[in-house]
Amino acid sequence: MSWWTKIKNTGSAFTGPRSFSQAIMTNLPPSEMIDSFSIAGPGFVNVKLSRHWIAKSIQKMLIKGTETWLPKLQVRRAVVHFSSPNIAKEMHVGHLRSTIIGDTLARMLEFSNVKVLRRNHVGDWGTQLWSLHCLWRS
């Protein structure tokens, strides 16, 4: 959909997002990873992964370990600063969402062999802070 907004006024042959989505589906090369494609709504392309490919990938991971498919990140250490609820205000589900996102980022980095320093400061800054604060190489 975002690609369609970029090309819609460029004089392309596509009549709308659905025709653009159809062109994407038609021109994607065959892959053992993909079982099928479908267009949903105004032009979203849904991709269904092959159960056989998923099973084969999981079997490979179980036999050979995660090193065969883990991303090789150049970052060795990261600080993840997340949640930081403003204690002067009432807690709400937004604080939980921020905590879950920050924790998920930290876990993904740790899974990729990055040493993560988690930071969650509780204070009254007038706003909730959350960010992947900084990354550095070592």
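## Helix α3 and its ends

Helix α3, which covers residues 51-64, has 14 residues that at 1.5 Å a residue should span 20 Å, and the 20 Å between its end C-alpha atoms agrees with this; the expected span is 1.5 Å times one less than the number of residues. Helices (H or I, at least four residues) and strands (E, at least two) are DSSP runs numbered from the N terminus.

Just after α3, G65 adopts a positive phi of about 90°.

## Basis of the values

This is a predicted model, in which local features need pLDDT of at least 70 and side-chain atom pairs count only at pLDDT 80 or more, while totals for chains, interfaces and linings use all residues. Residues are numbered from 1 along each chain as its sequence is written, and side-chain values use heavy atoms, with hydrogens and water left out.

## The loop between α4 and β4

V114 lies in the loop between α4 and β4 (115-119), and V114 is buried, with a relative accessible area of 4% (buried means under 20% relative accessible area, with a 1.4 Å probe and protein chains only). Although V114 and R77 are 37 residues apart along the chain, their C-alpha atoms are separated by 5.3 Å. Not counting residues up to four places away in sequence, V114 touches L73, V75, R76, R77, A78 and L109, where contact means heavy atoms within 4.5 Å.

S112 is placed in the loop between α4 and β4 and is buried, at a relative accessible area of 11%. Leaving aside neighbours within four places in sequence, S112 is in contact with L70, P71 and L73.

Key
Buried means under 20% relative accessible area, exposed over 50%, partly exposed in between (1.4 Å probe, protein chains only).
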